[in-house]
Number of protein chains: 2
Amino acid sequence: MPVPALLRVLKGERLASPPIWIMRQAGRYLPEYRELRKRAKNFLDFCYSPALATEAVMQPLRRFPLDAAILFSDILVIPDALGRVVDFVEGEGPRLAPLMDEEHWRFDDPQRALQRLAPVYEAVERIKRGLDKSAALIGFCGGPWTVATYMLQGEGGDKERSRRVSYQRPHDVDALLALLAEMSAQHLAKQVEAGADCVQIFESWAEGLPEPLFRRLIIEPTKLMVSRLRALGVRAPIIGFPRGAGPMITAYAHETGVNALGVDTQTPAVFARGVAPPGMALQGNLDPQLLVVGGDALEKGVAEVLASFASGPHIFNLGHGITPDATPENVARLVDLVKAGS
Amino acid sequence: MPVPALLRVLKGERLASPPIWIMRQAGRYLPEYRELRKRAKNFLDFCYSPALATEAVMQPLRRFPLDAAILFSDILVIPDALGRVVDFVEGEGPRLAPLMDEEHWRFDDPQRALQRLAPVYEAVERIKRGLDKSAALIGFCGGPWTVATYMLQGEGGDKERSRRVSYQRPHDVDALLALLAEMSAQHLAKQVEAGADCVQIFESWAEGLPEPLFRRLIIEPTKLMVSRLRALGVRAPIIGFPRGAGPMITAYAHETGVNALGVDTQTPAVFARGVAPPGMALQGNLDPQLLVVGGDALEKGVAEVLASFASGPHIFNLGHGITPDATPENVARLVDLVKAGS
């Protein structure tokens, strides 16, 4: 049985035509997704329905010859399972009760929390059964710091309050990060057991941290998560995506134990290639705005990304998630351009 | 007459005890500033009053032995002078009529626009007269791209819409950036003529741009601004502060013509030192949250910044502006710690 192109690249192979998938490829830019989404009132209910989540995953694969499917879920299922109240406010994003306002931080038992996530693993099994063998199935979780910032300040936006709490309550924050690292490792292990071929850690909020904090809040917990995942016997490749980490991607790529590096929009491929361990697969990094803009700008942007990553193993992707105002036509054009090569 | 320490460092000298100033040192964390601010209803009226602006500048210098004063003004005086309506909404930040919604972009005559900024230069003259000779006087403007993003999308927040317009209307955006570069060069030249010893370009929104856009929207306009400033006969040192530029600070430091590099909170000093031209002064980069947190965390943070920048010319500063919830006591402690050395 042929190995999916994405997995070959993750093992260090350089392919003339790189495999491609798109962060948030199952999402609001697709009319059929917007239609499907109406079938659950609450966003987490949607994520926890194996049937709806599976259908969402399959939609983009029916339209485009993508090289991977990615589980449809959310990074905040972990705090939800731990007993924190997670609300998704339409058009505003998630809202949680901010931990930083509470004197004592208490969470539900991690093992019971994990049992609550059973529908996620059932979705992975269903997706795997329906997936063409040439496509890889990607599992995922949030980076411990990214998930912690939502839990600490109760919402997205600037992360200044989370950073402040990490100075003010270092022991509490470090304990939270260790808990999230352990829970996330077990969550990923279950996804792999259910059929995921590889996993991605979305450290979406890696920006703005002074080096000592970056090491404490991102590198150490990620290293812990990766080593726990390996201790659980999981051998699947891990893509780390520390968005906004800037020059700290060097330490992230070398010290956390991830096998591949997601490169954000603003990081030049040549820089990432120069600082990552030799032979490490890089994933990225087309500007998502080009899927709104289209035309010559899209064509030029794709050619630039292909050329700039060409010297080593490359998985084509955006540098950040696709936006709801991108058009399916531009996505189709993107996939054609990548499949045709530069 | 002794040369102010800040200017010595800008010329490449390494001082055992680095000079210090603080971005937004005249600001809302000071009770006397909050009191003074009440004397003008509109924020731009406050900026355009030479008496009020001068008093605001002097307030932190009375409290702390800082090595520099910085003009009190705003980067949006340029669009205001060009005839765009600029409103400052209390607690929300500036609001402008978004250029991206307009089919034709028209601006008032640049020479007349510059005349409208006469009160700014009068403030510089007043400040210079009242300033101790050991302190340097810093003039400033916004980077062309940062100012353009406010003009394009009408507000702060994410810069995705500005990036999109820069793909969709490349000629219009490039012409706007060239206009802003020229206006800003003349604005800085007038400040130096009025008494500023050096200037800083605040490119506060340098993040998130793919390399080709970073070159087009930040490096090229800044290079143009710097060369125009030199063509106007200005020899004062220029500090460039491309906040969030990540690995692109290398190109920024080498190609724009700036004399010193402002380093943001997340960029390790060792990285900046390694990629900047040899002997270039670096400015930064204490986490502003430490002036809220105080205590041991502040002391440790200051020691880390001092040690990490010690190998070359260093101006102590924050990695981003001081926040309104910082305390004057923590600022006093910071200045003491820096003056005492690590």
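**Entry 1: a serine in a helix**

I started with A:Ser184, which is found in helix 10 of chain A. I kept in mind that this is a predicted model. Is A:Ser184 buried or exposed? I counted 27 other C-beta atoms within 10 Å of A:Ser184, and 20 or more is the cut-off, so A:Ser184 is buried.

Next I looked up what A:Ser184 touches. Leaving aside neighbours within four places in sequence, I found A:Ile78, A:Cys141, A:Pro144 and A:Met225 in contact with A:Ser184. A:Ser184 and A:Met225 are separated by 41 residues in sequence, yet I get 6.9 Å between their C-alpha atoms.

**Entry 2: helix 8 of chain A**

How many residues of helix 8 (residues 144-153) of chain A are buried? I got 10 of 10, so to speak a helix that is mostly covered. The buried residues include A:Pro144, A:Trp145, A:Tyr150 and A:Gln153. Just past the end of this helix I noted A:Gly154, with a positive phi of about 85°.

**Entry 3: the nonpolar core**

I moved on to the largest nonpolar core, which has 119 residues. Which members touch the most others? They are A:Ala69, A:Leu71 and A:Ile138. Helix 10 (residues 170-194) of chain A gives the largest share of this core, with 11 residues. I also noted another core lying apart from it, with 118 residues, among them B:Phe46, B:Cys47, B:Ile238 and B:Tyr252.

I then listed the partners of A:Ala69. Not counting residues up to four places away in sequence, A:Ala69 touches A:Val57, A:Leu61, A:Ile127, A:Leu131, A:Ala135, A:Leu137 and A:Ile138.

**Entry 4: chain A as a whole**

I stepped back to look at the fold of chain A. My tally for chain A is 16 helices and nine strands. Along the principal axes, the C-alpha trace of chain A spans about 55 × 45 × 40 Å.

I checked burial and contact range too. Of the 342 residues in chain A, 55% are buried. Taking contacts in chain A between residues at least 6 apart in sequence, I see that 75% join residues at least 24 apart.

**Entry 5: strand 4 of chain B**

Over to chain B, where I picked strand 4 (residues 136-142). Seven of its seven residues are buried, so the strand is largely enclosed by the rest of the structure. Which residues cover each side? On one side I have B:Ala136, B:Ile138, B:Phe140 and B:Gly142, and on the other B:Leu137, B:Gly139 and B:Cys141, all of them buried.

Then I followed the pairing. Strand 1 (residues 68-70) of chain B runs parallel to strand 4, with three bridges between them. One detail I wrote down is that B:Ile70 has B:Ile138 as its bridge partner in strand 4. Strand 5 (residues 198-203) of chain B is also parallel to strand 4, joined to it by five bridges. Here B:Phe140 stands opposite B:Gln200.

**Entry 6: helix 8 of chain B**

I looked up helix 8 (residues 144-153) in chain B as well. Here 10 of the 10 residues are buried, so this helix is largely enclosed by the rest of the structure. Among them are B:Trp145, B:Val147, B:Met151 and B:Leu152. After helix 8 of chain B comes B:Gly154, with a positive phi near 85°.

**Entry 7: how the two chains meet**

How are the chains related? I superposed chain B on chain A with a rotation of 180° and 0.0 Å of shift along the axis, at an RMSD of 0.0 Å. The two copies are thus related as by a two-fold rotation axis. In chain B, the C-alpha nearest this axis belongs to B:Gly246, at 2.2 Å from it.

Last, I took apart the contact between the chains. It takes 25 residues from chain B and 25 residues from chain A. On the chain B side, helix 9 (160-168), helix 11 (211-231), helix 14 (290-293) and helix 15 (295-309) each supply at least two residues. Helix 9 of chain B gives the largest share of that side, five residues. By class, I get 11 nonpolar, seven polar and seven charged residues on the chain B side. I also see that 100% of the interface residues of chain B are interface residues in chain A too, so the copies meet through the same surface.

Methods. Residues numbered from 1 in each chain as written. Chains lettered and ligands numbered in written order. Predicted model: local features only at pLDDT ≥ 70, side-chain atom pairs only at ≥ 80, totals over all residues. Core = buried A, V, L, I, M, F, W, Y, C linked by C-beta atoms within 7 Å. Buried ≥ 20, exposed ≤ 12 C-beta atoms within 10 Å, placed from the backbone. Helix = DSSP H or I, 4+ residues; strand = E, 2+ residues; numbered from the N terminus. Contact = placed C-beta atoms within 7 Å. Nonpolar A, V, L, I, M, F, W, Y, C, P; charged D, E, K, R; others polar. Least-squares fit on C-alpha atoms with pLDDT ≥ 70 in both. Pairing = 2+ DSSP bridges.
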